[in-house]
Amino acid sequence: MHFKSAHEVRDLLRKKEISSEELTKLCLERIEKVDAKVEAFLEVFEDALDTAKEIDKKILSGENLPDLAGIPMGIKDNICMEGKKVTCASKMLENFVSPYDATVVERLKKNGAVILGRLNMDEFAMGSSTENSAFKKTRNPYDLERVPGGSSGGSAAAVAAGEVYYSLGSDTGGSIRQPASLCGVVGFKPTYGRVSRYGLVAFASSLDQIGPFTRDVEDAALVLNAICGKDDKDSTSKDVAVEDFTTYLNKSLKGVKVGLPKEYFGEGIDDGVKKEIEKAIEVLKDLGAEVKQISLPMSQYALSVYYILASSEASSNLARFDGIRYGYRAKDFEDIIDLYVKSRSQGFGSEVKRRIMLGTYALSSGYYDAYYKKALKVKTLIINEFKKAFEDVNLIVSPTSPSVAFKFGEKSSDPLKMYLSDICTVPVNIAGLPAVSVPVGFSDNLPVGLQIIGNYFKEGEIISLAHGIEKALNLNLRPNV
């Protein structure tokens with residue numbers, strides 16, 4: 001039952017073969033059984049059963065309910081939910097209780113979702129391994145000695161371990177797709193502006209985007225149906241009609257033009273990963289897709305651009321955590337400057353401090369033109385290069401992560417090595433494009449993800465290709481946790 005998809009569970013609920021209350025109890029039992037090993041949850045919401053009981057009443061009364069009604073899920077700990085803590089896995093916000101719902105939470109509640117709890121992450125969404133959480137290290141359900149990826153590691157691991165049927169994460173440079181690849185689940189990053197960021201604690205506002213982790217592609221389509229759409233509370237939200245993404249399932253891939261950027265298959269990609277991706281590309285050809293090699297040479301600058309822009313925005317966004325209005329406050333201080341310094345020094349972890357310092361440096365007088373302004377110019381070049389590529393192809397595919405899940409501590413002592421984990425995903429955020437990671441095989445018994453990148457607001461085309469390859473491969477994705 002724990003490894004069924006959300007759409008399979010929806011059908012059981014509608015046929016009254018199981019109740020939402022029973023389903024929620026099953027998930028709570030599963031969390032109790034495996035989460036001591038996986039450590040995906042920071043908090044389990046005790047009132048989840050009350051929501052499930054309400055949904056059951058509606059089902060029994062014959063009410064026509066949305067697809068996600070009564071299905072247990074989890075949210076990343078940087079998405080606000082009224083009356084619940086939102087800590088961003090940081091000591092800085094350890095006791096902060098959100099006074100309002102994020103728009104995505106509001107929309108999920110309207111769709112009858114049963115929100116089971118808050119999921120672990122890298123502090124303030126900064127990291128690629130969930131080793132930077134102030135509270136615990138989430139483990140990969142396929143191998144508990146390895147990381148689940150990051151920063152949305154808890155969201156990916158909870159779905160992979162069968163603790164919830166789907167979850168929400170946030171993606172600033174690959175934080176949905178990379179952990180999805182490492183944990184063998186589907187992770188979807190929509191077009192920037194497709195999903196409201198209102199109520200998402202900001203890391204880098206021009207790059208952040210909320211998206212789902214699901215068991216399969218059909219589930220991703222269902223969650224996108226629920227969370228996408230214009231929101232007046234978010235000035236970056238785009239007024240683009242939300243189509244029914246499930247209409248893109250089971251489509252023929254004959255004649256779909258797929259680009260393979262040679263820069264994404266070069267040095268740094270593990271042989272085992274490359275082998276599985278090449279096999280998946282052969283499957284796409286068998287399904288009728290026209291595959292051709294393309295070049296995206298500006299991608300080599302993407303990581304540099306990303307770490308200047310993201311760190312600069314982090315420096316600005318995190319300035320609000322000062323020990324004055326809310327959040328962590330140092331106990332002993334001499335004056336207000338001392339209070340700022342001590343509160344921020346004690347409240348933030350080392351990776352967050354590193355990025356704040358990088359960003360403050362890049363924005364400082366004398367360096368602004370040399371770093372930040374130059375990075376913005378290269379960002380425009382990367383955007384234009386993708387636009388040109390999409391004149392010739394419908395979709396672009398690449399590995400999601402250059403490696404399978406790595407062991408704890410393997411990269412944490414070397415920030416540059418860790419930052420390279422996002423080499424294939426970062427360009428997508430810089431350009432604001434939609435992309436998904438879908439499992440396509442195993443290397444050393446660990447999942448490998450294929451990244452499918454689409455043009456702006458072409459989530460439907462991504463879903464078609466992802467669903468086609470998922471059906472053709474029919475993988476058994478069940479960890480032994």
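This note sets out points on salt bridges, a surface patch and a helix crossing.

1. Basis. The structure is a predicted model, in which local features need pLDDT of at least 70 and side-chain atom pairs count only at pLDDT 80 or more, while totals for chains, interfaces and linings use all residues. Residues are numbered from 1 along each chain as its sequence is written, and side-chain values use heavy atoms, with hydrogens and water left out.

2. Salt bridges overall. The whole structure holds 22 salt bridges (a side-chain nitrogen of Lys or Arg within 4 Å of a carboxyl oxygen of Asp or Glu).

3. R194 and E459. The side chains of R194 and E459 form a salt bridge, at 3.0 Å from N to O. This pair links distant parts of the chain, 265 residues apart: R194 is in the loop between β5 (186–189) and β6 (209–214), and E459 is in helix α15 (residues 459–473). Helices (H or I, at least four residues) and strands (E, at least two) are DSSP runs, numbered from the N terminus. R194 counts as buried because its relative accessibility is 2%, and E459 is buried at 0%. Here buried means under 20% relative accessible area, exposed over 50%, and partly exposed in between, with a 1.4 Å probe and protein chains only.

4. D101 and K109. In the salt bridge between D101 and K109, the closest N and O atoms are 2.8 Å apart. D101 is buried, at 13% relative accessible area, whereas K109 is partly exposed, at 39%.

5. K230 and D232. A salt bridge also joins the side chains of K230 and D232, with an N to O distance of 3.8 Å. K230 is partly exposed, with a relative accessible area of 35%, and D232 is exposed, with 73%.

6. Nonpolar patch. I324, I336, I337, Y340 and V341 make a nonpolar surface patch of about 430 Å². Patches consist of residues with over 30% relative accessible area and no salt bridge; nonpolar side chains (Val, Leu, Ile, Met, Phe, Trp, Tyr) are joined within 5 Å, and like charges within 9 Å. Accessible areas come from the Shrake-Rupley method with a 1.4 Å probe, and for residues only the protein chains shown count as cover. I324 lies in the loop between α9 (302–317) and α10 (336–347), and is partly exposed because its relative accessibility is 32%.

7. Helix crossing. The axes of α9 and helix α12 (residues 369–389) come within 9 Å and cross at roughly 125°. Therefore α9 is oblique to α12. Axes are lines fitted to C-alpha atoms, for helices over the stretch in contact, and angles run from 0 to 180 degrees between N-to-C directions. Angles under 35 degrees count as roughly parallel, over 145 as roughly antiparallel, 65 to 115 as roughly perpendicular, and the rest as oblique.
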